[in-house]
Amino acid sequence: MNSVLFIKDLKLILKDLKFQMFFVILVILFILSAISSSVSYKNLSSDFQADYKAHVDMVNDGQSTSMMGMLTDYWVIVAKPADPSLLFSNYNTYPDKISTAISFYEPRFFNYGTEQGEVFSLNWYFILGILSGFIMLVISFEAISAEKRFGTLRLLSIYGVKRQDIMWHKYLSYMLLYLIIIIPPALVSMLLFFALTGTWSMIYMAKFALILLLSIPFASFFIVLGILISMSKNYRNSIVLIVFIWLLFVIIIPQSAYVIARQIRPLKTNTEYHQEGIEAFNNEFEKWGEQYNSSVYGNGSLEDGLRAKAVYAAGEKKSLVSQEELKDSKQQTRLIQKIASMSPFYQLEMISEIIFDKGYYLLQYQEETAKQTISQIKNLMIEQDSHDNTSLHLFYRWASADQYALNGMLFPFSKEKFNHPELLFVTNVETDKVGTKALSIILRLLPILLLNIITFMLAAVKLERLDIR
Amino acid sequence: MLKISELSKRYEDAHLALDNLSLEIKPKEIFILLGANGAGKSTTINIICGFIPPSSGEVEIDGILLSKEPLKMREKIAYLSENVMLYDNFTGYQNLKFFAQLAGKKVEKDELEAILLKIGLQDSFFHKPIAKYSKGMRQKVGIAIALFKDTPVFLLDEPFSGLDPKAAYDFQQLLYSLRDDGKTIFMSTHDIFRAKEMADNVGIMTGGKLVAYKTKAELENADLNKIYLDYIEERQ
């Protein structure tokens, strides 16, 4: 490396008014994001505490947690408490909590990726994922054109400096400047957030450091892109181009992803799915009535537990609709992610989800946890029920007991309080091991690294062919 | 010694900007190339500097061939253009320091300031950004940079443009002293009177061709202005 060239480029950028202005803006934004995120943290923490208190009250009350009550009135909640990752992003379009019906059919999930939050929030994702790319484009888009305008490109050439070296040193100096304008304010922001929320955590410090480190390839891409644009002949075209590229990555691609995915993989409305579920239930129920030449409605019309069997079978049909809804929702989400991944901004967001265990990355594990928890609860309920003499242990003798239950002689399931109410509120969700996460992150980084290399090569070829007369 | 052999340049639009130019400029010589705009003077300098490749022909400086060792050749050249090329955000001193360091020179502050004083830049401007300099002041810093590179060949493209009479006189004296130090000076200009006054040899170019080559002795009692205009008119 030629230190003379590097220091020259560094000094030139430091003297650039655009750079100075952006540095001040970034310092302000980082501080504001700490304050804003600490408010979000406090609000979400109190929401979480309220949810948890309601759960504890319910457990203490014992009414809703009677096993009979649980079958109809209660949900398993898998929730993530507010944590310092809010400083990076509040993931306002994703729920970090899912509710699951305690059903003895396939669990039905609610709020699976459909919850909409605030439109805008100030946090690191806005700065690192959206703004910094634009800043690096604006700072670097005159890298070569300024040298050409000053005529210094020719002078450098006379001093035997290779064009590749000119570009390489500019790139390195911009990279260093990226670190200068990002790391100190980010450090202040992080410490301020910890101080305001009292959530000092070495693990989160390391995670924030990692996300800053991983933002470098993204910043690098915009720097190289800026250098490439800086070789265009027309200054006005360059400005139009950088605004277009930024809009393309920030708005056009992500928004198009939603529009396209909704066209290719449309979702019915919640009401439509609900109606379909009810229809499936009724159709199956009526089939049973037709089969046994009897009305399925009204207590005890189908004798010897046939009604109960019909309810069970119809319930299964209804649950198939729920599964279809979940499947449709997942397919649409995956398609949105695939299309949106063409934007580097979105890739950074996906990586942050893996680092911080957030968003859709977490959701798939929350779903798995919910399923396992419900299975565990069912087994425990059946086991507990088997010791209750007032219960007819319906889960393995459902049909035959139906007539007695319906006649009000005995309860179909125990009215005893469930012995493990803590299972109804789950916060501990295990995600991937560190190695698997690292691999996922690397795979997500590969496209951006490839883009870096391709853009760098394009810029190098263009610079080599640049007319410097 | 700067040797140009059968140098031609045809641009992509088929325009022949330089047509078979051959020249030999020795050390301790000031060679001035006269010509109107588009005559091919700047194309010649651009090729020697390596800014554009020739279509054919060769340039040689002290045994180094442009086609073989372009980077090494550039080490032998100091270049000064009409519009001096400097970093606007840097001061005159910083520009000089940067290019001196780039040339691999050990730079002392006193030495740099001394050279700026020598080329006639007011010391109150040493540490002001170039953006605040007049064209003449920029020219002086450009000269200082070229001097500091300390090369055997100086390529000067309209170097007197924008200089006030005093600065022009000082620069002229400086070029004489460089010549006396053994440097080869290749200069393009429109200024016929300065050419006659300074040149050891003069070439006249029109339409990419060297149409006349006059030595100092030949010019002694000749009217260079008339010779030049005759060639220009003949061309038209």
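## Strands, a helix and a contact

Colleague: Which residue of E8(B) stands opposite Val153(B)?
Modeller: Helices (H or I, at least four residues) and strands (E, at least two) are DSSP runs numbered from the N terminus, and two strands pair if DSSP finds at least two bridges between them. Strand E7 (residues 153-157) and strand E8 (residues 184-189) of chain B are paired in the parallel sense, with 5 bridges. In E8(B), the residue that stands opposite Val153(B) is Thr184(B).

Colleague: What pLDDT do local features need?
Modeller: Residues are numbered from 1 along each chain as its sequence is written, while chains are lettered from A and ligands numbered from 1 in the order in which they are written. This is a predicted model in which totals for chains, interfaces and linings use all residues, side-chain atom pairs count only at pLDDT 80 or more, and local features need pLDDT of at least 70.

Colleague: What pLDDT does chain B average?
Modeller: The model as a whole scores ipTM 0.86 and pTM 0.83. For single residues the predictor's confidence is the pLDDT, from 0 to 100. In chain B 99% of the residues score at least 70, and the average is 88.

Colleague: Which strands stand at the edges of the sheet, each with a single partner strand?
Modeller: The open sheet of chain B has 6 strands in the order E6-E7-E8-E3-E9-E10, with mixed pairing. Two of them have a single partner strand each, so one side of each is left without a neighbour in the sheet: these are strand E6 (77-80) and strand E10 (209-215) of chain B.

Colleague: What angle does the direction of helix H5 of chain B make with that of E6(B)?
Modeller: Angles run from 0 to 180 degrees between N-to-C directions, with axes fitted to C-alpha atoms, for helices over the stretch in contact; two residues are in contact if their C-beta atoms, placed from the backbone, lie within 7 Å. Helix H5 (residues 135-149) packs on the sheet of chain B, where it touches E6 and E7, and its direction makes with that of E6(B) an angle of about 175°.

Colleague: Which residue in the turn between E1(B) and E2(B) has a positive phi of about 80°?
Modeller: Strand E1 (residues 2-10) and strand E2 (residues 16-25) of chain B are antiparallel partners over 6 bridges, with Arg10(B) opposite Leu16(B). They form a hairpin with 5 residues between them, and the turn residue with that positive phi is Ala14(B).

Colleague: Which element gives the most to the side of chain A that touches chain B?
Modeller: The contact takes 15 residues from chain A and 22 residues from chain B. On the chain A side, helix H1 (3-14) and helix H6 (152-158) each supply at least two residues. The element that gives the most, with 5 residues, is H6(A).
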